[in-house]
2 protein chains.
Amino acid sequence: MPPFRPPIGLLLTTTARTVSRAFDDALASVGGSAPVWQILISIKSRQLGNQRELAEAVGIQGATLTHHLNAMESGGLLTRRRDPANRRVHVVELTEEGERLFHRLREVAMAFDTRLRAGLSEEQTASFEEILTQLAQNIRD
Amino acid sequence: MPPFRPPIGLLLTTTARTVSRAFDDALASVGGSAPVWQILISIKSRQLGNQRELAEAVGIQGATLTHHLNAMESGGLLTRRRDPANRRVHVVELTEEGERLFHRLREVAMAFDTRLRAGLSEEQTASFEEILTQLAQNIRD
DNA sequence: ATCTAAGCGTTAGATGTCAAACGATTAGAC
DNA sequence: GTCTAATCGTTTGACATCTAACGCTTAGAT
């Protein structure tokens, strides 16, 4: 009889969902969310990217990004204007309020990461990252 | 200067999304989806559970389960009837077509798991599962 | 017996995501 | 120069998911 092997993917997605949910709750406590946080950090880390690159960096589709940018613009977190040099492109810039939210979320995100890593050694973390990379690689083939 | 630590949660959720997406695509190729597969396997492995337990096993909310069961019932995969002994309870049972879909999806799911595990040693798998469990534990505290 | 509380499932409304179609703009071919 | 193809972002329509509110049923208290 072959040994029973619980599917590796199930534990992966279940855990990821648990972690994502908790992260989202933590960000919500200071008025944010996971996609908003990822969008803010992507805007901050690369100045002057267009929306296509932004969506790529965040890991969502262009249509979904449009959705979030609409809400964030309505909420006064950022502005969009056409790039005079290429009027297909929207230049996205944070407002002061967007900057403030970024800093609040960063604190929450850093605290969350510390909490999440509790009890993991350097070796475990390295091994974990290696395996995750391998899994993604197995899918791409 | 402290060493830069990329957040462990980000790689986790990104990889999980990639894997989930590929799994869903594989199931879709034979007429299924991830939630449908999880519902089918849960029904098969435990006979006579109510919907609340079913939702718990699948890892979704009751309202979401209702949504899927509606679609699956419309599609002829299962039947729902009131339990005469407790008329609050819906007894969910697979039809023959539901059984057939279950077997098709099982083959696809097993093949996917094999593909996903490629290149992972027993030690790596064990370590991976241990770390995922630890992460979930860190969140629950 | 009745009344209250708890349990089960559904419905309604919101959010985040995607794919496909589209409108405007630019680049390249000729 | 014009025409065609590619690029950028938006809109539309769909789906999975959640929370909150609700309706029916059962269990428990008195």
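A residue counts as near a strand if one of its heavy atoms lies within 4 Å of it. This is a predicted model, in which local features need pLDDT of at least 70 and side-chain atom pairs count only at pLDDT 80 or more, while totals for chains, interfaces and linings use all residues. Residues are numbered from 1 along each chain as its sequence is written, chains are lettered from A and ligands numbered from 1 in the order in which they are written, and side-chain values use heavy atoms, without hydrogens and water.

Start with DNA strand D. It has 21 residues around it, and Arg21(A), Gln51(A), Thr66(A), Arg80(A) and His68(B) come nearest. Of the atoms of DNA strand D that come within 4 Å of the protein, 79% belong to sugar and phosphate.

Next come the polar contacts, meaning pairs of N or O atoms within 3.5 Å; within protein, one atom must be able to donate a hydrogen and the other to accept it, and residues adjacent in sequence count only if both atoms are side-chain atoms. Arg80(A) places a polar side-chain atom 2.7 Å from a phosphate oxygen of DNA strand D. Arg87(B) uses a polar backbone atom instead, at 2.9 Å from a phosphate oxygen of DNA strand D.

Which elements build this surface? Helices (H or I, at least four residues) and strands (E, at least two) are DSSP runs numbered from the N terminus. In chain A, helix 3 (51–58), helix 4 (62–74) and strand 2 (86–94) each supply at least two residues of the surface near DNA strand D, as do helix 4 (62–74) and strand 2 (86–94) of chain B. Helix 4 of chain B has the largest share, four residues. By class, the surface holds five nonpolar, ten polar and six charged residues. Here Ala, Val, Leu, Ile, Met, Phe, Trp, Tyr, Cys and Pro are nonpolar, Asp, Glu, Lys and Arg are charged, and the others, Gly among them, are polar.

Now turn to DNA strand C. Of the 20 residues around it, His68(A), Arg21(B), Arg52(B), Thr66(B) and Arg80(B) come nearest. Sugar and phosphate make up 79% of the atoms of DNA strand C within 4 Å of the protein. Arg21(B) has a polar side-chain atom 2.4 Å from a phosphate oxygen of DNA strand C. For a polar side-chain atom of Gln51(B), the distance to a phosphate oxygen is 2.8 Å.

Is His68(A) buried or exposed? It counts as buried, because its relative accessibility is 18% and buried means under 20% (exposed is over 50%, partly exposed in between; 1.4 Å probe, protein chains only). Leaving out residues up to four places away in sequence, His68(A) touches Pro35(A), Ile39(A) and Ile60(A), where contact means heavy atoms within 4.5 Å.

Finally, look at chain A as a whole. It has six helices and two strands, in the order α-α-α-α-β-β-α-α from the N terminus. Its radius of gyration is 19 Å, well over the 14 Å that the globule rule gives for 141 residues, so chain A is more spread out than a compact globule. That radius is taken over C-alpha atoms, and the rule is 2.2 Å times the number of residues to the power 0.38. The C-alpha trace spans about 65 × 35 × 25 Å along its principal axes.
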